[in-house]
Amino acid sequence: TPSIPPPPSTGPAVDHHAQHTTPGHMVHGHQPHQSMYSSSVMRPAPTTNTFLPPGTQNPSSMQDISSQMDQMSLRSSIQPSQPQQYPPPQMSPMGFQPPPLASPAFPQTPQLMQQQQGTAPQDQSGASKLNPSAMPRPCALESLPGAPRTLYQRHSAPPGAPPLTNTDYIGIDEGSAIPRFMRVTTGCIGKQSALQIKSGIPFGALSSPFSDVAPGEYQPRVVDMRTEYGGGPLRCIRCKGYANPGFRFMNGGQKFVCNICHHTNDTPPNHVCSIDPGTGLRTDIAIRPEFQFGSVDYLVGSEDYRIRKPRPASYVFILDVSAMSIESGFFQASLSTLKFLFENASQLIPGADAGATVSVITYDRALHFYDCRVEEGMHAKMLYVADVDEPFVPIGGDGFFFSPKQAL
């Protein structure tokens, strides 16, 4: 290829790349990208404006060729080049770790930040798992000291959720037992059986018929069945449910429908009463507390009402001995409380002087039962039940219950 002779000099030599370099383009010692026409080639600057618009073809002279070359060099120098990203140095010679680069030329991506900190990217699949340490605790939901006591009415509008067990409240019996006497394990129950099965929420009830009421609450009303109603309380013949505000009377009071099993019963003669046609309620409801309140105490004098004589009370204590219970200190606190309770059973356990007995069950992945039918000074035998879906008591006779003294 024949070489093109240099054009005649028409002015002083000028370095065009030095003229068109953008000020401040050098970042951290990184040289900008050199154009295809190196600045070391010295060419005379054009004396006139010979830059041609794009698309101009067939230059007419060597001066036109030089002008097009100058235009290409100008465009390549104006457009900023993308600097190559180099990893930051691990350690400077003086032992000083420089801070991460924060200039726009070095964007800080999460992967780069993890590399700088020396941590590997973590799998996000475990983010959806529940963290037991982050679960809310009842102590975080307690009312502040000095806060006003809440008023709980089951049949208020709109009905509210039952108060927590550690909440200071005043319960009003409007036909349903207050939570001090009867409490369920969940405050929301699905109406449809399919929803109940799909949710899988266990359902249970805690009954405390002789609990102490709080200041400001009424004591359970007493229904004396020893005089006028000597036959005992009104009950359903199928499910043995007691009379309550949910019983619905019909046929002039001669029959009633149980609200538990929906069985239609014949009203005994000593419990028959006329029905108010305006309200559908019994006319003697004002003097029959069992048809007004959810909790009442019955006094019966007939020996035929009971099958056997009352036996001393028996108490079962169930403790969680899982790893988390031990690490949190919950098991140790429960064990200390039981020990104090058994040592002062005569003052703290109702009926202890009359022969009340106790039993202790522990559980983690299985159920642990204890047989205290051993000689004095020997440890109780522990029995495991691994089937927690259909558990059973592996101890018969008097081995399951024992006195508080034996429990120590």
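Colleague: What should I know before we start?
Modeller: Residues are numbered from 1 along each chain as its sequence is written. This is a predicted model, where local features need pLDDT of at least 70, side-chain atom pairs count only at pLDDT 80 or more, and totals for chains, interfaces and linings use all residues, while side-chain values use heavy atoms, leaving out hydrogens and water.

Colleague: In what order do the four strands of the open sheet lie?
Modeller: Two strands pair if DSSP finds at least two bridges between them. The edge strands, each pairing on one side only, are β12 (314–320) and β15 (381–385). β13 and β14 (residues 367–371) run antiparallel and are joined by two bridges. The pairing in the sheet is mixed, and the order is β12-β13-β14-β15.

Colleague: What angle does the direction of α6 make with that of β12?
Modeller: Axes are lines fitted to C-alpha atoms, for helices over the stretch in contact, and angles run from 0 to 180 degrees between N-to-C directions. Contact means heavy atoms within 4.5 Å. α6 packs on the sheet and touches β12 and β13. Its direction and that of β12 make an angle of about 160 degrees.

Colleague: Is L383 buried, exposed or partly exposed?
Modeller: L383 is found in strand β15. Leaving aside neighbours within four places in sequence, L383 is in contact with L367, H368, F369, P394 and I395. Its relative accessibility is 30%, so L383 counts as partly exposed.

Colleague: What kind of aromatic pair do F369 and F400 form?
Modeller: Rings of Phe, Tyr and Trp (its six-membered ring) pair if their centres lie within 6.5 Å; planes under 30 degrees apart count as stacked, over 60 as edge-to-face and the rest as tilted. By this rule there are seven aromatic pairs. The ring centres of F369 and F400 are 6.2 Å apart and the planes stand at 45 degrees, so the pair is tilted.

Colleague: How many residues apart in sequence are the parts that this pair ties together?
Modeller: F369 and F400 are both buried. F369 lies in strand β14, and F400 lies in the loop between β15 and α8 (404–407). The pair therefore ties together parts whose separation in sequence is 31 residues.

Colleague: What kind of pair do F400 and F401 form?
Modeller: F400 has a relative accessible area of 11% and is buried, whereas F401, at 31%, is partly exposed. Their ring centres are 4.8 Å apart. With 85 degrees between the planes, the pair is edge-to-face.

Notes:
Buried < 20%, exposed > 50% of the residue type's maximum accessible area, 1.4 Å probe, protein only.
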